Amino acid sequence: MLFVCTGNVCRSPFAERLLARRSPELKVSSRGIFALEGNPIDAPMAAELEARHGDPSNFHAQQVSPADLQADLVLTMSRRQRIHLLEDYPHAVRKIGLLGGVPELAAIRHRHPESPLRDVISDWSRTTVPGDRDVPDPYRQGAPAAATSAALISDLIDQLVPVLRSARVRPG
């Protein structure tokens with residue numbers, strides 16, 4: 001399971017650490033397409049994560065690499081990031097999706113509970129997600145923007161957890 005955002009200091013590490021907290025049995029990681037390598041989670045997002053009992057400590061932003069795309073599911077925070085990954089890693093097209101599209105993923109899983117998760121993810125990767133599903137970037141936008149993004153990510157993670165628990169996801 002891999003989350004991807006731009007700098008890997010706000011949205012994707014928040015999602016990584018929150019999912020790891022809620023589903024410790026899963027191997028979860030995060031990366032950035034233009035990572036601020038070595039930086040910790042941005043302070044307002046770290047505060048939001050701590051408020052949800054997540055641990056922002058010992059995090060260091062990392063650039064996405066080809067090896068990272070071995071994960072069974074790759075979720076981006078924006079359409080632009082998804083397009084970037086699809087252009088750089090076309091072989092991963094059937095497992096890269098938008099975090100904002102998780103409600104559609106959950107619906108497909110609900111309709112096909114016996115299907116292998118890999119097939120559900122593949123089907124979902126071909127669906128059209130409404131245009132307003134990007135998670136807003138809170139970087140350097142202050143605490144209110146961090147709170148908005150954190151609440152949205154938290155809600156989407158709540159919807160993602162049952163999907164992932166329905167089958168083991170290979171480490172990301």
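Me: What are the ground rules for the numbers and the atoms?
Reply: Residues are numbered from 1 along each chain as its sequence is written, and side-chain values use heavy atoms, leaving out hydrogens and water. Because the model is predicted, local features need pLDDT of at least 70 and side-chain atom pairs count only at pLDDT 80 or more, while totals for chains, interfaces and linings use all residues.

Me: What makes Arg17 buried rather than exposed?
Reply: Buried means under 20% relative accessible area, exposed over 50%, and partly exposed in between, with a 1.4 Å probe and protein chains only. Arg17 has 17% relative accessibility, so Arg17 counts as buried.

Me: Which residues surround Arg17, leaving aside neighbours within four places in sequence?
Reply: Contact means heavy atoms within 4.5 Å. On that basis Arg17 is in contact with Ile41, Leu49, Asp55, Pro56, Ser57, Asn58 and Phe59. A polar atom of the Arg17 side chain also lies 2.6 Å from the backbone oxygen of Asp55.

Me: Why is the pair Glu16 and Arg17 called a salt bridge?
Reply: A salt bridge is a side-chain nitrogen of Lys or Arg within 4 Å of a carboxyl oxygen of Asp or Glu. The N to O distance for Glu16 and Arg17 is 3.8 Å, so the pair qualifies. Both Glu16 and Arg17 are buried. The structure holds 9 salt bridges.

Me: What makes Arg22 and Asp158 a link between distant parts of the chain?
Reply: Their side chains meet in a salt bridge at 2.3 Å, N to O. Arg22 is in helix H1 and Asp158 is in helix H6, 136 residues apart. Arg22 has a relative accessible area of 25%, so Arg22 is partly exposed; Asp158, at 43%, is partly exposed too.

Me: How do you know that Arg31 and Asp68 are buried?
Reply: The relative accessible area is 13% for Arg31 and 7% for Asp68, so both fall in the buried class. Their side chains meet in a salt bridge at 3.2 Å, N to O. Arg31 is in strand S2, and Asp68 is in the loop between H2 and strand S3 (74-76), 37 residues apart.

Me: How do you know that the span of H1 is close to the expected one?
Reply: Helices (H or I, at least four residues) and strands (E, at least two) are DSSP runs, numbered from the N terminus. The expected span of a helix is 1.5 Å times one less than its number of residues. H1 has 12 residues and reaches 16 Å from its first C-alpha to its last, close to the 16 Å expected.

Me: Why is H1 called mostly covered?
Reply: Of its 12 residues, 9 are buried. The buried residues of H1 pack against S1, strand S2 (29-32), H2, helix H3 (79-88) and H6.

Conventions
A polar contact is a pair of N or O atoms within 3.5 Å; within protein, one must be able to donate a hydrogen and the other to accept it, and residues adjacent in sequence count only if both atoms are side-chain atoms.
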